[in-house]
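Here are my notes on the model, point by point.

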Amino acid sequence: MTRSRLTAGLLALAVTASLAACSSSSPEPGAADGPLTLWDPYPQLAADSDWAKAIEACGSASGVRIERTSHDTTDLTNKVLLAAQQGAAPHVLVVDNPVVSTLAEGGVLATTEDLGLDTAAVEPNLLDAGKLDGKTYGVPIGANTLALYYNKAVLTGAGVDVASIRDWASLTAALDKVKQSGKKGITFSAVGTEEGSFQFLPWFWGSGAQLTDVASADAVSALTLWKDWLDRGYAPNSVIGNTQTTSWQEFATGEYAFAENGTWQLANAAKSGLDVGVLAIPGKSGGTAPAPTGGEFVTVPVQADKSRDATAKAVVTCLTSAENALTTDTALSYVSALPEVQAKQVAAKPELEVWVQAVKAAKGRTGDNLGTKYPRVSEPLWNAVQAALAGTKSPQQALTEAQAASAAK
Amino acid sequence: MHALERAAPAQPADHDLPGGAKTARRSGPPRNLTAWAFLAPLVVYLLLFYVYPLYRNVDLSLRFYTVRSFIQGGAAFAGLDNYIAVFADPTFFRALGNTLVFTVVSLVFQYGLGLALAVFFDRHFPLSATLRALFLVPWLLPLIVSASTWAWMLNSESGVVNALLGAVGIDQVNWLTSPTWALTSVIIANVWIGVPFNLVILYSGLRAIPPEVHEAASLDGASGWQRFRSITFPLLRPVSAITLLLGLVYTLKVFDIIWIMTKGGPSGASTTLATWSYQLGFGSPVPRFGHGAAVGNLLIVLALVAGLVHIRLQSRREAR
């Protein structure tokens, strides 16, 4: 009796021990002959997508099998931080550009200099987003940015000529005409996350404001522009909670004249069945407003075991090479970071010309000499936008508090 | 097995043991060992999945973490600096207030509606079982589905709720995007999700009340309301207490519904301690793990206090 109970107990103990053993016997990611791991933020691109195929081809060309894992973009940052802490970072990491300087500061990423990656052909304004203290930490795979999509039918119905929209005043006048014609004006995303700041920046920079002083008179004029649009009913109240995806869904109803959205919606625009045009976001008193650059960098996280670095470098070079960039950027609906490929993209699809111009005018979010301080400014900024649009604070008061908050951190 | 059975009775003879006392002492240590061996899986589980994460969270909240020190180690000890920073943040009192309102209002309505429905279904009418099963749907749906559906229904521009209100001549209400309504909206969604849980537990509590008591009361001429007040409600008290406690712990930590519907906005109007903790730790490109962990620990303390109060009340009642 006692013995069989003891046996059962020991069995239970053994099961526990073997469970514990199982959890620690997972294969080492750095094993010299194992597959090369690659993480990207494109869960929407399935295994049979052109992007996945490009990865596979680059793997074969470098003589290695690549194991690709996709995470949602915010999730990816957290996963990478945790993996780096455990010494289990992937060999190749495709990551959103404003995160690059943060990861670099954390010592997660290897510099292109150390790896011997050539970045000379890349547009300098795009490469800037991946720089920290004069060193570059990756190669942009392509770029996207924001512009104004417009619904031609709605504008024609309201009697608006797109060519007349050259600055904020003419844009607001167009919105007024649209509203009077019974349609809705413009939709964008002012959600309380990085997306909200991303969408506000073209207006912020277009006013002449700098991120180093978010409470300047110019900055207040940009927030006042948005606030007035909401107050006058040119923009729906739902923009306060809109992500860029839900904002696009509003535009896709065909009720809206304009939508501020990104390069990545081009494919959806074609599918929507609407007659859609694209207009660069105008500056306060004319010209094209600098929009923030979006898009990912291909980076190589630092590994304790350096033996795979050469292979990782070969894969990065292959993925970002001019030959592959056209395929990958078409797959991602991005504008290439390489001027020669941009020319090819425009030749194949003339409507991309607006986007190539917008990308050329775009600015890295970590610019304005901010670097890793950008997130410290961005969060108070989106909070200020939310507070002003929701009506809890005046634009001036909201931005003054944002400036104080970003200076305190 | 056979060998064991045969060997066991042979033992006392071989060693010529005098009496039962010694046998008992001898079987003492192995029995203890057996007990520990049985306990081991649970203890290991508790240590791995409860004690260690809790310890890590406390450690996180007491250190000054940056991205660099999070990855490479060596974060400086900060003492209570993170907690002081959290208390000094104007968001703290806002989040605390929102958490209290969210929790209390949710509990009152979840419990009230759950109890009303439980009493209603206790009367057994045709199709009552089917209807009761249908009421469980909110509980079975993944939170991401129910929260997204609520967000669509409450959308200012295209939501069905505003369309219905518009049909009866009420102006557009900005359910999710106005500071006045955002907290109310997430509470409504949370109540809807929580009612089935209260219904199920209170219903089973009602089934446990002996029908004779009700019979006797109605023979004495008690009205329906009198029976509810003097029989159902008092006899349901232990079940009510545990329902409310579980509901409290569950509601304090609600995160997904709020995050999906409003992200705690607009500008903090629906931020609770749970969403704020996430916002601090993961919601910004530069994580503030220390602050996030501090807020998380405060939440645990709140839930713990509620649990202790419950145990205290229960033991006092049992003593009576």
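1. Domain layout. This is a predicted model. In chain A, the centres of domain 1 and domain 2 lie 32 Å apart, taken over C-alpha atoms. The domain assignment gives domain 1 of chain A as 36-140 + 296-333. Domain 2 of chain A is given as 146-209 + 220-293.

2. Domain contact. How many residues of domain 1 of chain A are in contact with domain 2 of chain A? Five are, and they meet five residues of domain 2 of chain A. On the domain 1 side, two of the residues are nonpolar and three are polar. None on that side is charged.

3. Confidence in chain A. The mean pLDDT of chain A is 86. Of its residues, 91% reach 70 or more. Among the elements of chain A, helix 10 (residues 217-231) has the highest mean, 95. Helix 1 (residues 2-24) of chain A has the lowest, 50. Treat residues 16-31 of chain A separately: pLDDT stays under 50 there. For that stretch the model has 10 contacts beyond four places in sequence.

4. Five-stranded sheet, chain A. This sheet is open, with strand order 2-1-3-11-6 and mixed pairing. Strand 2 (66-70) and strand 6 (139-140) of chain A each have a single partner strand, so one side of each has no neighbour in the sheet. Strand 6 of chain A runs antiparallel to strand 11 (residues 296-299) of chain A, and two bridges join them. V139(A) stands opposite V298(A) in strand 11 of chain A.

5. Helices on that sheet. Helix 2 (residues 50-62) of chain A lies across strand 1 (36-40) and strand 2 of chain A. Its direction is at about 155° to strand 2 of chain A. Helix 4 (residues 97-105) of chain A also packs on the sheet. Helix 4 of chain A touches strand 3 (92-96), strand 6 and strand 11 of chain A. The angle between helix 4 and strand 3 of chain A is about 120°.

6. Four-stranded sheet, chain A. Here the order is 8-9-7-10, again in an open sheet with mixed pairing. Four bridges join strand 7 (residues 146-151) of chain A to strand 10 of chain A, and the two run antiparallel. The bridge partner of Y149(A) in strand 10 of chain A is V278(A).

7. Helix pair in chain B. Helix 13 (residues 237-252) and helix 16 (residues 289-319) of chain B pack with axes 10 Å apart, at an angle of about 175°. The two helices of chain B are therefore roughly antiparallel. Helix 13 of chain B contributes A241(B), L245(B), L248(B), V249(B) and L252(B). Their counterparts in helix 16 of chain B include L299(B), L302(B), A306(B) and H310(B). By class, this contact has 10 nonpolar, three polar and no charged residues.

8. Chain contact. In total, 35 residues of chain B are in contact with 39 residues of chain A. Helix 2 (20-61) and helix 3 (67-72) of chain B are the elements that give two or more residues to the chain B side. Helix 2 of chain B provides the largest share, 10 residues. The chain B side divides into 17 nonpolar, 14 polar and four charged residues.

Conventions
Residues numbered from 1 in each chain as written. Chains lettered and ligands numbered in written order. Predicted model: local features only at pLDDT ≥ 70, side-chain atom pairs only at ≥ 80, totals over all residues. Domains from an automatic or database assignment. Contact = placed C-beta atoms within 7 Å. Nonpolar A, V, L, I, M, F, W, Y, C, P; charged D, E, K, R; others polar. Axes fitted to C-alpha atoms, helices over the stretch in contact; angles between N-to-C directions. Parallel < 35°, antiparallel > 145°, perpendicular 65-115°, else oblique. pLDDT = per-residue confidence, 0-100. Pairing = 2+ DSSP bridges.
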